[in-house]
Amino acid sequence: MEIKVLGTGCAKCKTLEKNTRDAAAELGIEADVKKVEDIMEIMGYGVSRTPAIMIGNKIVVAGKAPSTEEIKKILTQNQ
């Protein structure tokens, strides 16, 4: 599973990256988690509010940093 964590490096963005990695590990999902900090690249995905999570080519979270448990539900729904 390809997951991109979109955010410019703020505290919420870092929390979201950690929670995403933790959620994938707890579920045993083999995930390629990449952090995207370039604002032009982020805008190219159509995201105007960060942090955000992109699974494949779909934005599944924008403008908030869900808990690890919430992200586990999102990952399960988007496998």
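Is Met-43 buried, exposed or partly exposed? Met-43 counts as partly exposed because its relative accessibility is 49%, where buried means under 20% relative accessible area, exposed over 50%, and partly exposed in between (1.4 Å probe, protein chains only).

The model is predicted, and local features need pLDDT of at least 70, side-chain atom pairs count only at pLDDT 80 or more, and totals for chains, interfaces and linings use all residues. Residues are numbered from 1 along each chain as its sequence is written, and side-chain values use heavy atoms, with hydrogens and water left out.

Met-43 is placed in helix α2, residues 39-44; helices are DSSP runs (H or I, at least four residues) numbered from the N terminus. Ile-39 also lies in helix α2 and is partly exposed, at a relative accessible area of 41%. Together with Met-40, Ile-39 and Met-43 make a nonpolar surface patch of about 320 Å². Such a patch is made of residues with over 30% relative accessible area and no salt bridge, with nonpolar side chains (Val, Leu, Ile, Met, Phe, Trp, Tyr) joined within 5 Å. A salt bridge is a side-chain nitrogen of Lys or Arg within 4 Å of a carboxyl oxygen of Asp or Glu. Between the C-alpha atoms of Ile-39 and Leu-6, 33 residues apart in sequence, the distance is 8.7 Å.

Helix α3 spans residues 68-77 and includes Thr-68, which is buried, with a relative accessible area of 16%. Not counting residues up to four places away in sequence, Thr-68 touches Asn-19, Asp-22, Ala-23 and Glu-26, contact meaning heavy atoms within 4.5 Å. The side chains of Thr-68 and Asn-19 also make a polar contact at 3.4 Å, that is, a pair of N or O atoms within 3.5 Å, one able to donate a hydrogen and the other to accept it.

Key. Patches are made of residues with over 30% relative accessible area and no salt bridge: like charges are joined within 9 Å, nonpolar side chains (Val, Leu, Ile, Met, Phe, Trp, Tyr) within 5 Å. Accessible areas come from the Shrake-Rupley method with a 1.4 Å probe; for residues, only the protein chains shown count as cover. Helices (H or I, at least four residues) and strands (E, at least two) are DSSP runs, numbered from the N terminus.
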